[in-house]
Amino acid sequence: MRNNLKVYINGKLVEKENAKVSVFDHGLLYGDGVFEGIRSYDGLVFKLKEHLDRFFESAKTLMLKIPLSRQEITGAIIQTLAANRLKDAYIRLVVTRGEGDLGLDPRKCDHPTLIIITDRIVLYPKKLYREGLEIITVPTQRNIPSAVDPQIKSLNYLNNILAKIEAVNAGKEEAIMLNHAGYVAECTGDNIFIVKQGELLTPPTYVGALKGITRLAVITIARREKISFREEIITRHNLFNADETFLTGTAAEVIPVVKVDGRVIGNGKPGTLTLRIMQEFHQLTRTDGVRYHL
Ligand code: PMP
């Protein structure tokens, strides 16, 4: 992270070292808040509308009032990008419940905290995009939608962090999380796709996955390119016997997977459909979003 970075907090741009919130903020005390991870590519905030839709939907479920309108948030994001002279950036948009007392009651929190952090993007090493990831399934299951719906992009990521720890302990970069019934849901910070006999498959989000914006972009590409696509329940057996596998996410974009739980996927190299989708996705990031100038 850069030293002279400016961070947006509640309407002000402050130096990184002064970008602080109260220890009584319920975002810290309880993970009570929502966030988005967004990218900008060469002066274009990619799929900003879709990110804001998801952000406001998550907040609605939490009955958390976002203190700015969509238009004001867009302005604040661009203002923060401009202050940091960033044309290619990772943008973290956060709203917490704000400062309250030590109880859970959100009514005690009068003012939500709105934070925008923009920084250079750190990706997986390039080699992994060329050669593919080796990942594993882990014991920690995805949250049950009837308890905490994985479609809420909240600040409470412990479920995913536990899975990430299991991946890291096994020397792997990512973990595939199954749902309570044992079906493949998603990874700790990415959605998952497989290719079988020319058909692209991904689990429906009701299985317990975030409605990823990169996931939707890939589905849109598949439809446009007349690639056969279905949302389908996926088991570990289906994963092991896939011809291709890849992950999608704002930070990772589209990244191939070549080994799952020690089973080689396809011929052990990124598949042709995966490579084609990676290329199409790259094109899309140059055209689909909100333009800004520094
Ligand atoms: N699943 C989880 C749990 C995530 O945190 C993310 C990243 N935000 C994704 C999937 C991918 O979503 P998106 O493509 O919108 O970044």
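My entries follow in the order I looked things up.

**Ground rules**

I am working with a predicted model, where local features need pLDDT of at least 70, side-chain atom pairs count only at pLDDT 80 or more, and totals for chains, interfaces and linings use all residues. Residues are numbered from 1 along each chain as its sequence is written, and side-chain values use heavy atoms, with hydrogens and water left out.

**Entry 1: the largest pocket**

I started with empty space. Rolling a probe the size of a water molecule over the atoms shows where such space is left. A pocket here is an open set of points on a 1 Å grid over the protein atoms alone, where a 1.4 Å probe fits and protein lies on both sides within 12 Å along at least five of seven lines; lining residues have an atom within 4 Å of a point. Points are joined across faces, edges and corners, and the volume is the space filled by probe spheres set on them.

The largest pocket comes out at about 1000 Å³. I counted 47 lining residues, and Phe-35, Tyr-90, Arg-92, Gly-189 and Ala-251 lie nearest the centre. Which helix or strand gives the most to this lining? H5 does, with four residues. Helices (H or I, at least four residues) and strands (E, at least two) are DSSP runs, numbered from the N terminus. Other elements that supply at least two lining residues include strand E3 (33–41), helix H2 (48–61) and strand E9 (184–187).

By class, the lining has 20 nonpolar, 16 polar and eleven charged residues. Ala, Val, Leu, Ile, Met, Phe, Trp, Tyr, Cys and Pro count as nonpolar, Asp, Glu, Lys and Arg as charged, and the others, Gly among them, as polar.

**Entry 2: the second largest pocket**

This one has a volume of about 400 Å³. Of its 16 lining residues, Leu-123, Lys-126, Tyr-129, Glu-253 and His-282 are the closest to the centre. H8 gives the most, with four residues. I noted nine nonpolar, one polar and six charged residues in this lining.

**Entry 3: around the ligand**

A polar side-chain atom of Lys-153 sits 2.6 Å from a ligand nitrogen. The side chain of Glu-186 has an N or O atom 2.6 Å from a nitrogen of the ligand. For Thr-214, a polar side-chain atom is 2.6 Å from a ligand oxygen.

**Entry 4: more on Glu-186**

Glu-186 lies in strand E9. Is Glu-186 buried or exposed? Glu-186 is buried, at a relative accessible area of 4% (buried is under 20%, exposed over 50%, partly exposed in between, with a 1.4 Å probe and protein chains only). The Glu-186 side chain also has a polar atom 3.2 Å from the backbone nitrogen of Leu-210.

**Entry 5: two positive phi angles**

Most residues other than glycine have a negative phi. Lys-47 has a positive phi near 50°, and Met-63 has one of about 50°. Lys-47 is in the loop between strand E4 (44–46) and H2, while Met-63 is in the loop between H2 and helix H3 (70–83). Lys-47 is buried, at 9% relative accessible area, whereas Met-63 is exposed, at 74%.

Key:
Polar contact = N/O pair within 3.5 Å; in protein donor to acceptor, adjacent residues only side chain to side chain.
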